[in-house]
Amino acid sequence: MTHELPLIATISVGLGIAFIAGFAAMRLGLPPLVGYLVAGVLVGPFTPGFVADSEIARELAEIGVILLMFGVGTHFSIRDLWSVRRIALPGAIVQIGAATALGYWLATAWWGWPVGGALVFGLSLSVASTVVMLRNLQDRGLVDSANGRIAVGWLVVEDLAMVLALILLPAFASHLGGTAESLTVSSKPLWYTISITFLKIAAFFGLTYAIGLRLFPWLSAALLKSGSRELITLFVTVLAISMAYGAAVTFGVSFALGAFLAGVVVNEAGLTQRFSSQAEVLEHVFAVLFFVSVGMLFDPAVLVRQPLEVLAVLTIIMIGKSLAALAIVLAFRHPLATALTVSASLAQIGEFSFILIGLGVTLGLMPAEGRDLVLAGALLSITLNPMAFRLAARFERRSAQAQADRLASIESMSAPSDLENHVVLIGYGRVGRVIGKDLHKAGQRFIVIERSRDIVDRLRKRGIPVISGDAAIADLLTQAALDRARLLVLAIPNELETKRIFNLVRTANPALPIVVRAEDDDELEHFRSAGAALALLAENELGHSMSRYVLDQCAQSAKPLALTAE
């Protein structure tokens, strides 16, 4: 590149064109990320005009991935990870195997590739993009939902599997048909390599956890005492990037996984509320550069040279892999809504796919055309992934397979025949649990609708009537005997699900009073105008509770408070 300042040129031109293309995409009814990808193609080496520095763009994009994964980690506790282990761990492993098998079959049976190349190709199609999945979940308010936690946990398992694959691949390349001159045959047994990999990951997390729980609270207290917002923002940024870099250099962990685990430690240290939003602006800017960098790698000519091959790759990514995930989640008896969220989240590929396929070419395991096909599949699947979410939501609403969801929740039960004048409590998370305990203490009968299998099992052991499944399914909602209920409480945090259930309840029993939690002022006004008996906003209620305490203390004081000025 002839520019003397490639970093500034890449940022200014890349972000400028991304803004224009993203705005144009939004006006056309498409997600802005489609515009960001197009911007990458326009500033890439395969189109005329300005060509950005691809290496600089890649490193800037990596910062976006680090900040994004750190932010997700601050909202994802160890308890959340542990709670989804029963579905995320086996589900991700089986899904990776299924997608790899499809890619392997396509490459060997149709294209005649060698075994090693076909294996790498299949693996590259099996792992979803961290940035794309999280961006789509965030746009739909699903990151903190039960379905979102399963999807994120699933992705963490995928990342761990890909880290292992990246370590094992060079060691076994010579046995898989690699032709690179630099190849050396590993003298270490397979079990040793795998054990060392997981020991490194465990050592990194254990060290971070042990130090972080002691050091982070002390530092945060000192920074808050200083009152400097700049230092707080700088601390969060340095923490995320340094931890990710240290994990990669010292322990061989990916940047994304290292940043995620660092964020989890921050959450476990109780610092999420203080720091979760400090690097948010930087996160969004650098995440845009990630999409631009993906677009820069794409050669549009491959769509003309190999259209059928590209279509086959896209089919495996968006249909084959998604159907495998859908079947796995349903096989574990989770609701259809959960299966659809997970399958839509995985209907794309991204950063690990680029690394894997590049390593495969470097090791001489596969032809260079494989990289073009994977990049084409990545760009097209990322572009179409928001559509997959919309189709999943539409399918869930209009599902002709409601029976499949009822089978997934086979342990659901209807309200007892003698249950009347009861409270229907939808959602038994942090808010619902408090309400349920108070209802139990007051002797008020109630029935819970909850999709989490673990919570359902615990409630049943305590003898509390509970319906297992998604309350947004009309057939399941009616099992709560809405016609005999005195009140319904909507205690779930997801805005879209809350509105959908609210409308279903209104249709089933227009006279039933509804108490609902809102996430912002617009949602609060919506529920009030829609006829909610009571709509509450968490921040408002916290403010009112604190005000009541302050006023009570002032009223009880023997002497009135006085302000003096010097």
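## Aromatic cluster and surface patch

Trp113 counts as buried, at 9% relative accessibility. Buried means under 20% relative accessible area, exposed over 50%, and partly exposed in between (1.4 Å probe, protein chains only). This is a predicted model, where local features need pLDDT of at least 70, side-chain atom pairs count only at pLDDT 80 or more, and totals for chains, interfaces and linings use all residues. Residues are numbered from 1 along each chain as its sequence is written, and side-chain values use heavy atoms, with hydrogens and water left out.

The structure holds 6 aromatic pairs. Rings of Phe, Tyr and Trp (its six-membered ring) pair if their centres lie within 6.5 Å; planes under 30 degrees apart count as stacked, over 60 as edge-to-face and the rest as tilted.

| Pair | Centre to centre | Angle between planes | Type |
|---|---|---|---|
| Trp111 and Trp113 | 5.3 Å | 50 degrees | tilted |
| Trp111 and Phe121 | 5.5 Å | 65 degrees | edge-to-face |

Ring pairs link Trp111, Trp113 and Phe121 into a cluster. Trp111 sits in the loop between helix 5 (85–110) and helix 6 (115–124), and Phe121 in helix 6, so their pair ties together parts 10 residues apart in sequence. Helices are DSSP runs (H or I, at least four residues), numbered from the N terminus. Trp111 is partly exposed, with a relative accessible area of 22%. Phe121 is buried, at 0%.

Phe23 belongs to another part of the model, helix 1 (residues 6–27). Phe23 is partly exposed, with a relative accessible area of 41%.

Terms used. Helices (H or I, at least four residues) and strands (E, at least two) are DSSP runs, numbered from the N terminus.
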